[in-house]
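Please look over the chain below before reading on. The text then goes from the overall form to individual residues.

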Amino acid sequence: MALKSSNKVDTNTYEVEVTVDSATFTEACKSAFMKQRKSIQLPGFRKGKATQGMVEKMYGEGAFYEEALEIVYPEAVQSAIDEAALRIVDQPFDLDVSVMSKAEGVEMKFKVTTYPEVKLGDYKGLKAEMLSVDVSDEDVDNELKTLQDRNSRLVTVEDRAAEMGDSVELDFEGFVDGVAFDGGKGENYPLELGTGAFIPGFEEQVAGHKSEEEFDVNVTFPEEYQEDLAGKEAVFKCKIHEIKHKELPELDDDFAKDVSEFDTLDELKEDIKKQISERKETEAKNDFENKLLELVIENIEAEIPDCMFDQKVDEMVQDYAYRLQMQGLDLSTYLQYLGQDMDQFKAQFEEGAKKQVKVSLALEAIINAENLEATEDEISAEVDKLAEQYSMEADQIRAAVPAEQIAQDVKTRKAVDLIVEAAVKA
């Protein structure tokens, strides 16, 4: 097997010609026969007893050519691509076989899509705004209120009507033009008033009514609601069975002791402030990096093959499907629930996929331009970090993740750090 020629015929497209010698192809024909021999039956012979020569005499010398081509094709193509030093990003296409025989071997040509050439623009001295990391008293109070709400308890109310913020247990049945509609009925349904869980206007009309009271709620379905109900007026027959009021604990030292390892409320507030500060610093750092990377990819010049975007979309969909599977769901059922087909679902990932591909191309170009390398110590540190992150042993990480990938991740991080360190905070 040998490369005959490699010629650029279009942007990111090469046409490659390769030959397979007669001896190799003849051996492939023999292998193709051996794979099929047990199922071959010729007149006068028991199944599996006919020789290769007999079969070829009856059906022609080319009886096994197609399967033999499938045998030699992968190695021939890969060998030619390696010899031509091409970095391809998709499967070969437009295969054309001009010669195929035992006597002459195989001559074929095909096209491949190659990794795009990337011309870097400015990536040093970029200017972006850094988010504030200041923590206000309001930030701490809001976090404290969330903690307070999380530790609240519901107390049954008997002497007043429901108010916004209360939780009610109610029966309801919806009617459009006097006819009940599917999905519009519930019994002993728990609802927190004010969360916006129901149709706009519904919860506000439940408020003001007492336990065991029967009443009507009049609403209009939003225009973007499901097609058979969109924009229609509806009446819900309702009855409240129970009203519960959220009782919040006092914000004092006892509260701090109950919800944390601290003895005083002041200590708890200081810890909350510290946590918010750390979170804001991380968010600001990530936001700053993202803004800089946006500027970097705006400055690059590259004609990127569509297949690279399509592959990234497929990766993102597969990752989403895997995460659904971990929750006990399959993607097809999830799509039915959303009322979407696969093309509609994929469309949601297109913008993110394009950005990821462009960022990856830009960072690799920077790695090459700056001759960034990953030392053994840096690779070991990355392995240790991954081991801690996934609660695994370092040897397990090394066995699961190729060393080249870990090294590439290190170099990519260096490229990002280089951009950030050279940037100007607006």
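**From the whole chain to single residues**

Residues 24 or more positions apart make up 67% of the contacts in the chain that have a separation of 6 or more. The model is a predicted one. Its chain holds 14 helices and 11 strands. The radius of gyration is 34 Å, well over the 22 Å that the globule rule gives for 426 residues, so the chain is more spread out than a compact globule. Along the principal axes, the C-alpha atoms fill a box of roughly 100 × 65 × 40 Å. Of the 426 residues, 33% count as buried. The accessible surface of the chain is about 26300 Å², and carbon and sulfur atoms account for 45% of this surface.

Next come the nonpolar cores. The largest nonpolar core has 24 residues, of which Val168, Leu170, Phe202, Val206 and Phe236 touch the most other members. At least two residues of this core come from each of β7 (167-176), β8 (179-192), α5 (202-206), β9 (214-220) and β10 (233-247). The element that gives the most to this core is β10, with 5 residues.

Aromatic rings are the next topic. The structure holds 17 aromatic pairs. One of them joins Phe172 and Tyr189: the ring centres are 5.6 Å apart and the planes stand at 75°, over the 60 degrees required, so the pair is edge-to-face. Phe172 lies in strand β7 and Tyr189 in strand β8, so this pair ties together parts that are 17 residues apart in sequence. Tyr189 counts as partly exposed, at 34% relative accessibility.

Phe172 also forms an edge-to-face aromatic pair with Phe198, at 5.4 Å centre to centre and with 80° between the planes. This second pair links distant parts of the chain, since Phe172 is in strand β7 and Phe198 is in the loop between β8 and α5, 26 residues apart. Phe198 is buried, with a relative accessible area of 17%.

The charged end of Arg87 sits over the ring of Tyr115, 3.7 Å from the ring centre. Lys354 lies over the face of Phe309, at 5.9 Å from the ring centre.

Two helix residues can be set side by side. Gln52 lies in helix α2, which covers residues 52-59. Is Gln52 buried or exposed? Gln52 is buried, because its relative accessible area is 16% and the limit for burial is 20%. Leaving aside neighbours within four places in sequence, Gln52 is in contact with Cys29, Lys30, Phe33, Phe64 and Lys102. Asn368 lies in helix α11, residues 350-370. Asn368 is exposed, with a relative accessible area of 53%. Its C-alpha atom is separated by 9.8 Å from that of Lys411, a residue 43 positions away along the chain.

Asp94 has a phi near 55°, a positive value in a residue other than glycine. Asp94 is placed in strand β3, residues 93-101. With a relative accessible area of 49%, Asp94 is partly exposed. Phi of Ser391, a residue other than glycine, is likewise positive and near 55°. Where does Ser391 lie? Ser391 is in the loop between α12 (376-389) and α13 (394-400). Ser391 counts as exposed because its relative accessible area is 69%, over the 50% that exposure requires.

Note on methods:
Residues numbered from 1 in each chain as written. Predicted model: local features only at pLDDT ≥ 70, side-chain atom pairs only at ≥ 80, totals over all residues. Heavy atoms only, no water. Core = buried A, V, L, I, M, F, W, Y, C linked by side-chain atoms within 4.5 Å. Buried < 20%, exposed > 50% of the residue type's maximum accessible area, 1.4 Å probe, protein only. Helix = DSSP H or I, 4+ residues; strand = E, 2+ residues; numbered from the N terminus. Contact = heavy atoms within 4.5 Å. Phe/Tyr/Trp six-rings, centres within 6.5 Å; stacked < 30°, edge-to-face > 60°. Lys NZ or Arg CZ within 6 Å of the ring centre and 35° of its normal. Rg over C-alpha atoms; globule rule 2.2 N^0.38 Å. Areas by Shrake-Rupley, 256 points an atom, 1.4 Å probe, with all protein chains shown as cover.
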